[in-house]
Amino acid sequence: MSYLLAFCLALCWGTAFLATKNTVEVLPPYWNTFFRVLAGLLFFIILYGVQRKDLRISLKQIWRPWVIGLLLILLPFAALSWSQRFVAPTIGGIFNGTVPIWSFLAGAILLKGVDRFTWRRAAGVLIGMAGLLTIMWPSLTLGDNPWALYGCLGFLVMAWSYALGNVLTKKIMVDDTSTTLEANTFHQYLFSAVVLLAVAFCLEPVPQAAVFSGKVLLSLVWAGVMSSAVAFLLMVALIKRWGATRMASVTYFTPVVAMAGDVIHLGRMPAGNELIGLGIIFISLFLIQKPVSAK
C-alpha cells in the first residue's frame, strides 16, 4: 500500500510543473499561485465539510499550521510559479528531485537521532551539489537565456522550502497530536491564500476574465487539487509510514514524470547537461538514502 501511495504522489508532484507552465504563460506568478492555493482550499472546505471535521484551532497553536503553510505551500508554490516562466518543466522536476538531499541535511540538524551524518552521506551531498551545477552550467555562462539562472535559483528556493517543511511537518504536526491533521491542513491553506491574495493585489494587476480559458482553468484545478491538496494528504500519510527522509525519496521519480510531460505535451527533449545532472543527482540520492548498518 505504501508503494502505491508513493507512486501516486510522484505522479501528482511531477505533473505540477507542466500544469504551472500552462498557467504562467497568461497569469502573473503571484496571482497564479493564489488561484492554485484557492483551488486546494476549496477542495479541503468541501472534503472536511462533508466529513463534518472540527477545524477549530487554539490561538496558542495557530503558529504551527502557519509555519508549515509558509514552507510547504506559500514559498515553494510562489517560487515555482515565478521560476517556471524562464525554464522548462523538466528543470523544475529535476530540482524537485533534490529535496531528499536538503531533507537529509535539515533532518540531521533538526531531528537528531533520526538522520545522522556519515562519510557516505557527506559524499552524497557533495555529489548532489555537482549535479545541480551541471544542470545550471548553461545558465551560469549567461548564454541565450540569462533569465534561466534566476529560474534555477528560484527552483532551489522551492526545494529548500519543501525539505524544511517536510522535516517540520514530522516534528510539529505528525508527532504532535494536540490539534487534528484536518485543522492544521485547513489553516495552512487559509493562511497561504490570504497572504498570497494580499501580495498579488499589491504587486500585480488583477487578471482579466478572458485569460481563463479551459486549458488554464483545468491546469489550475489540477495543480491546486491533485498536485497540491491530494498530494499533501499522500505526503502526510507517507511521512507517518516512512518518516520525512524516506518519504522525500518519492521525488526520485518526479523528474522522470516532469520530463515525460515535457516530451509528450511540449515536444521538448531534455538537454545533455540535464540528463547528466539528473544521473549525478540519482547517485547522490542513493548514497544519502543508503541504510547505515548498526554498530
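This is a predicted model: local features need pLDDT of at least 70, side-chain atom pairs count only at pLDDT 80 or more; totals for chains, interfaces and linings use all residues.
## Close-up views of the helix packing

**View 1. H2 crosses H5 in a right-handed way.** Residues are numbered from 1 along each chain as its sequence is written, and side-chain values use heavy atoms, with hydrogens and water left out.

H2 covers residues 16-24 and H5 covers residues 89-96; they pack at about 140 degrees, with axes 9 Å apart. (Axes are lines fitted to C-alpha atoms, for helices over the stretch in contact, and angles run from 0 to 180 degrees between N-to-C directions.) H2 and H5 are therefore oblique to each other; under 35 degrees would be roughly parallel, over 145 roughly antiparallel, 65 to 115 roughly perpendicular, and the rest is oblique. On the H2 side, Phe-17, Leu-18 and Lys-21 make the contact (heavy atoms within 4.5 Å), and they meet Pro-89, Gly-92, Gly-93 and Asn-96 of H5. Sorted by class, this contact of H2 with H5 has three nonpolar, three polar and one charged residues. For the classes, Ala, Val, Leu, Ile, Met, Phe, Trp, Tyr, Cys and Pro are nonpolar, Asp, Glu, Lys and Arg are charged, and the others, Gly among them, are polar.

**View 2. Asn-22 sits in H2.** With 10% relative accessibility, Asn-22 counts as buried. (Buried is under 20% relative accessible area, exposed is over 50%, and partly exposed is in between, using a 1.4 Å probe and protein chains only.) Leaving out residues up to four places away in sequence, Asn-22 touches Lys-215, Val-216, Ser-219 and His-265. Look for Leu-220 too: its C-alpha atom is 8.7 Å from that of Asn-22, although 198 residues separate the two along the chain.

**View 3. H1 passes H10 in a left-handed crossing.** H1 (residues 2-14) and H10 (residues 214-242) pack at about 145 degrees, and their axes are 9 Å apart. From H1, the contact takes in Ser-2, Tyr-3, Leu-5, Ala-6, Cys-8, Leu-9, Cys-12 and Trp-13; from H10 come, among them, Met-226, Leu-234, Leu-238, Arg-241 and Trp-242. By class, that contact of H1 with H10 splits into 14 nonpolar, two polar and one charged.

**View 4. H9 meets H10 in a right-handed crossing.** H9 (residues 181-203) and H10 pack at an angle of about 140 degrees, with axes 12 Å apart. That makes H9 oblique to H10. Leu-181, Thr-185, Gln-188 and Tyr-189 of H9 contact Ser-228, Ala-229, Phe-232, Val-236 and Lys-240 of H10. This contact of H9 with H10 has five nonpolar, three polar and one charged residues.

**View 5. H3 and the residue Arg-52 just after it.** H3 (residues 29-50) has 22 residues, which should span 32 Å at 1.5 Å a residue, and its end C-alpha atoms are 32 Å apart, which agrees. (The expected span is 1.5 Å times one less than the number of residues.) Just after H3, Arg-52 takes a positive phi of about 55 degrees.

**View 6. The whole chain has 13 helices and zero strands.** (Helices, H or I, at least four residues, and strands, E, at least two, are DSSP runs numbered from the N terminus.) Of the 295 residues in the protein chain, 55% are buried. Among contacts with a separation of 6 or more, 89% join residues 24 or more positions apart.

Key:
A crossing is left-handed if the near helix is turned anticlockwise from the far one by less than a right angle, and right-handed if clockwise.
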